[in-house]
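Open the model in your viewer and colour it by chain. The stops below say what to select and what is there.

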Amino acid sequence: MSNFSTDANAIVEAHALAFSRRDEPILRPLDFHLGTGELSFVEGDNGSGKTTLLNILAGLLRPSSGEVHISGYAPGTDGARAETRLLGHQLGLKGDLSARENLRVAMGLYGCREGVTADQSLAEVGLCGFEDEPIRSLSAGQKKRVALSALNLGNARLWLLDEPFANLDRAGIDLVNTMLDLHLQRGGAALVTTHGAVSFRQEQTHKLRLNI
Amino acid sequence: MTSPGLFSGFRAILQRDLLLAWRRRGDAAMPVLYAMIVAILFPFALGPNHQLLARVSGGIVLVTVLLAMLLALDNLFRSDLEDGVLAQMVLAPQSLSALMAARILAYWLVTASPLLVAGPILGYMLGLPAQAQPVLFLSLVLSSALLALLGSMLAALTAGTRRSGMLLSLMLLPLIVPVVIFAAGAISAVEQGLPWIAPLAWLSAALALTLVLAPVACATALRITLDA
């Protein structure tokens with residue numbers, strides 16, 4: 001990690017990060033930096049590598065070249081995994097289990113913030129009364145809300161959100177914005193992919209444009 | 001901040017899998033029904049020859065139970081892969097091997113325990129000698145646990161391929177042959193009044209080895225599956 005500044009605030013530091021699959025470049029070399037309380041929108045056309053970037057940061061894919069560190073750890077190592085949460089296109093919820101049971105699994109796997117309960121977290125995303133419904137009988141937007149509340153339970157500092165606004169109504173989009181606001185205030189950071197124009201209240205957002 | 005311990009992840013996955021099995025108890029009953037149907041058909045095919053049935057009954061029950069366990073194996077990681085839960089497990093700060101151990105334990109409990117109840121009953125029905133019953137039960141316990149561990153490794157390797165059931169069975173065959181030989185060896189030894197402890201000791205040794213290695217192998221195989 002000799003090339004990196006010893007910035008205590010840095011959560012993500014990427015240096016010439018690139019990814020190619022079978023010699024075909026998916027992600028051109030990227031340099032970026034994300035500190036505590038910072039949010040970055042990853043923008044780009046379909047196929048420009050937004051999801052690939054998030055998967056690399058989560059540690060699911062290995063970069064072809066370049067370096068990336070999450071709180072000083074390489075992605076996918078124990079230290080980095082404790083800091084990172086990924087919300088992808090697949091929400092990672094079991095259709096046969098209820099919302100509350102799914103959250104309980106998430107709490108077992110990822111831990112939870114002090115004094116937060118599953119029911120309270122579901123109420124925060126507007127799913128009061130749906131705690132015992134099996135996930136498969138919920139609508140796409142409601143499933144997304146359950147996944148968001150599972151994300152909100154944990155204490156990971158880096159959120160990697162892949163199209164979090166998809167399937168959500170206007171109130172849901174506001175909800176995501178509020179959740180992101182609170183997360184940044186707690187000293188977290190977030191990388192959010194989007195292809196649409198979604199206004200975010202906070203001023204200090206960065207934009208990362210991906211184009212081959 | 002409450003950081004999740006190793007045990008909390010293990011327990012969360014075990015609880016989740018048992019709950020899922022309970023929600024789909026129809027599916028969980030499939031293997032035991034299959035084993036009963038196959039074992040019941042044998043006397044009709046072989047004819048009502050008591051001596052013949054008594055001699056082959058141990059082997060029939062053993063093979064039927066192991067094949068019945070294969071029914072649920074193909075789906076072990078498939079549904080988790082499809083709904084993204086597997087990615088969440090890989091990304092969790094817990095050791096993936098521990099989570100896989102919970103997954104395999106749940107599979108064994110759900111699939112093998114009804115078969116372990118049915119196995120001795122089927123053996124009795126086919127006229128297995130009474131002194132062989134405890135040995136049949138012991139070898140069923142050991143070989144079903146071995147099959148769960150070996151099979152889950154291969155299920156993890158083939159989880160990413162479509163319609164992998166056939167491939168899985170083919171890959172499992174050479175691994176499961178020694179298990180069947182030792183388990184059946186113990187049963188036939190006790191039937192002939194010979195010492196039967198040695199084959200079971202070999203099975204236990206293999207179980208101890210796979211108990212340690214299979215969860216690690218599973219975790220590695222699933223990481224490869226997700227990376228592709």
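This tour of a predicted model goes from a hairpin to the interface and then to individual salt bridges.

Stop 1: Select residues 10-21 and 24-35 of chain A, the strands β1(A) and β2(A). The two strands run antiparallel and are joined by eight bridges. Show A14(A), which stands opposite F32(A) in β2(A). Two residues lie between the strands of this hairpin, and R22(A) in the turn has a positive phi of about 50°.

Stop 2: Pick out R81(A), K94(A) and L109(A), which supply 26% of the area that chain A buries against chain B, more than any other three residues.

Between the chains there are 16 residue pairs in polar contact.

**Stop 3: salt bridges across the interface.** Four salt bridges connect chain A and chain B. Select K94(A) and D83(B), whose side chains meet in one at 3.0 Å, N to O. Next select E101(A) and R23(B), where the closest N and O atoms are also 3.0 Å apart. E101(A) lies in helix α3 of chain A and R23(B) in helix α1 (residues 6-23) of chain B, so this pair joins two chains. Is E101(A) buried or exposed? E101(A) is buried, with a relative accessible area of 17%, while R23(B) is partly exposed at 39%.

**Stop 4: a pair inside chain B.** Select D80(B) and R103(B), a salt bridge with its closest N and O atoms 3.1 Å apart. D80(B) is in helix α4 (residues 78-82) and R103(B) in helix α6 (residues 96-125), so the pair ties together parts 23 residues apart in sequence. Both residues are buried.

**Stop 5: a pair inside chain A.** Finish on R100(A) and D132(A), which form a salt bridge at 2.7 Å between the closest N and O atoms. R100(A) is in helix α3 and D132(A) in the loop between α4 (118-124) and α5 (140-153), 32 residues apart. D132(A) is exposed, with a relative accessible area of 55%.

Technical notes. Residues are numbered from 1 along each chain as its sequence is written. Chains are lettered from A and ligands numbered from 1 in the order in which they are written. This is a predicted model: local features need pLDDT of at least 70, side-chain atom pairs count only at pLDDT 80 or more; totals for chains, interfaces and linings use all residues. Side-chain values use heavy atoms; hydrogens and water are left out. Buried area is the accessible area (1.4 Å probe) that two parts lose on being put together, summed over both. A polar contact is a pair of N or O atoms within 3.5 Å; within protein, one must be able to donate a hydrogen and the other to accept it, and residues adjacent in sequence count only if both atoms are side-chain atoms. Two strands pair if DSSP finds at least two bridges between them. Helices (H or I, at least four residues) and strands (E, at least two) are DSSP runs, numbered from the N terminus. Buried means under 20% relative accessible area, exposed over 50%, partly exposed in between (1.4 Å probe, protein chains only).
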